Amino acid sequence: AAVRPVDLSSRTSGNLISLGNSRWGPNYAMQIRALPGSSTRYALSLGTTQVTTPFVGLAVYDGSKQLGTWSGQSSADAITFCDASTLYGYNNESTGFETTRFSVDAAGLIRSQTSVGGVISDFNTTIACQGGWIFASNGQTLDAASLTLVGTYSAGGPVVIQSGIPDPNGMDVWFLEARSGKGGAGPVLLLDFDRTTRASRGSTALPTYLGTYEQL
């Protein structure tokens with residue numbers, strides 16, 4: 001029921017940061033997303049192990065200090081930042097499948113702005129934002145400003161976002177997809193798509209263990 005920072009340059013870990021309790025018991029981090037441009041601030045979707053719909057709310061932290069929280073009627077267990085003041089959440093817990101835009105102010109307070117249901121429509125889905133688009137791990141892609149569907153990539157798996165990926169200039173989008181093989185797990189593929197046309201640009205087979213890594 002805690003998170004811990006890790007300094008990647010020195011490969012050292014910091015102190016555990018307790019996430020407190022809800023009325024169901026201790027809070028756990030369902031997802032962690034770094035606030036763009038900050039080395040100390042991050043957002044969490046919080047959950048509990050005591051109920052079948054685990055989401056209990058969102059929180060923004062600066063180091064070990066909790067700055068602001070949000071708890072609404074719908075879930076936002078999958079989260080992503082599009083910029084330092086705009087956080088998006090997706091509901092994996094009910095068939096409302098809401099995608100919600102939140103504003104995050106300088107004090108870390110979270111306010112719900114807009115919610116649209118059913119544009120993304122799958123359970124067990126993660127989201128990531130780059131270049132004004134929200135990419136879902138089921139291949140569906142939204143325009144972040146209007147929360148409308150842009151299109152769907154023929155892929156299923158975490159969207160790889162690192163060092164400008166997906167490319168904000170409209171070139172490439174990558175997905176990690178684990179495929180079944182004879183008798184069990186098959187290859188893990190890095191799938192490359194043209195961002196605008198959504199046409200495949202090829203794939204690269206990766207070591208199977210990489211398939212266990214979710215985009216962070």
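Buried means under 20% relative accessible area, exposed means over 50%, and partly exposed is whatever falls in between (1.4 Å probe, protein chains only). Arginine 11, with a relative accessible area of 76%, is therefore exposed. That residue belongs to a predicted model, where local features need pLDDT of at least 70, side-chain atom pairs count only at pLDDT 80 or more, and totals for chains, interfaces and linings use all residues. Residues are numbered from 1 along each chain as its sequence is written, and side-chain values use heavy atoms, with hydrogens and water left out.

**The chain overall**

- The protein chain has 21 strands and zero helices; both are DSSP runs numbered from the N terminus, with helices being H or I of at least four residues and strands being E of at least two.
- Of its 216 residues, 41% count as buried.
- The accessible surface comes to about 11,000 Å², and 50% of that belongs to carbon and sulfur atoms. Accessible areas come from the Shrake-Rupley method with a 1.4 Å probe, and for residues only the protein chains shown count as cover.
- Take the contacts (heavy atoms within 4.5 Å) between residues at least 6 apart in sequence: 35% of them join residues at least 24 apart.

- The average pLDDT of the protein chain is 87, and 87% of the residues score at least 70. pLDDT is the predictor's confidence in each residue, from 0 to 100.
- Over residues 211-216 the pLDDT is below 50, and this stretch has 14 contacts in the model beyond near neighbours in sequence.
- Where pLDDT is low, the predicted coordinates should not be read in detail.

- Strands pair if DSSP finds at least two bridges between them. Strand S7 (residues 28-34) and S8 run antiparallel and are joined by six bridges.
- Arginine 33 has alanine 43 in S8 as its bridge partner.
- The hairpin of S7 and S8 has six residues between the strands, and glycine 37 in the turn takes a positive phi of about 85°.
- On to the next pairing: seven bridges join S8 to strand S9 (residues 55-62), again running antiparallel.
- Strand S8 (residues 41-47) has six of its seven residues buried, so the rest of the structure largely encloses it.

**The sheet S11-S12-S13-S14**

- These four strands make an open sheet in the order S11-S12-S13-S14, with antiparallel pairing.
- Strand S11 (78-83) and strand S14 (110-117) are at the edges with a single partner strand each, so one side of each has no neighbour in the sheet.
- On average, neighbouring strands of this sheet are turned by 25° against each other, direction ignored. The axes here are lines fitted to C-alpha atoms (for helices, over the stretch in contact), and angles run from 0 to 180 degrees between N-to-C directions.
- S13 and S14 run antiparallel and share seven bridges. Looking across to S14, phenylalanine 102 stands opposite serine 112, and threonine 100 has serine 115 as its bridge partner.
- Five residues sit between the strands in the hairpin of S13 and S14, where glycine 108 has a positive phi near 90°.

**Asparagine 91**

- Asparagine 91 is in the loop between strand S12 (86-90) and strand S13 (98-104), and its 1% relative accessibility is why it counts as buried.
- The side chains of asparagine 91 and glutamate 98 are joined by a polar contact of 2.6 Å. A polar contact is a pair of N or O atoms within 3.5 Å; within protein, one must be able to donate a hydrogen and the other to accept it, and residues adjacent in sequence count only if both atoms are side-chain atoms.
- A polar atom of the asparagine 91 side chain also lies 2.7 Å from the backbone nitrogen of glutamate 93.
- Apart from neighbours within four places in sequence, asparagine 91 is in contact with Ser75, Asp77, Gly96, Phe97 and Glu98.

- Arginine 11, in the loop between strand S2 (6-7) and strand S3 (12-13), has a positive phi near 55° without being a glycine.
- Leucine 147 is not a glycine either, yet has a positive phi of about 55°. Leucine 147 is found in the loop between S17 and S18 and is buried, with a relative accessible area of 3%.
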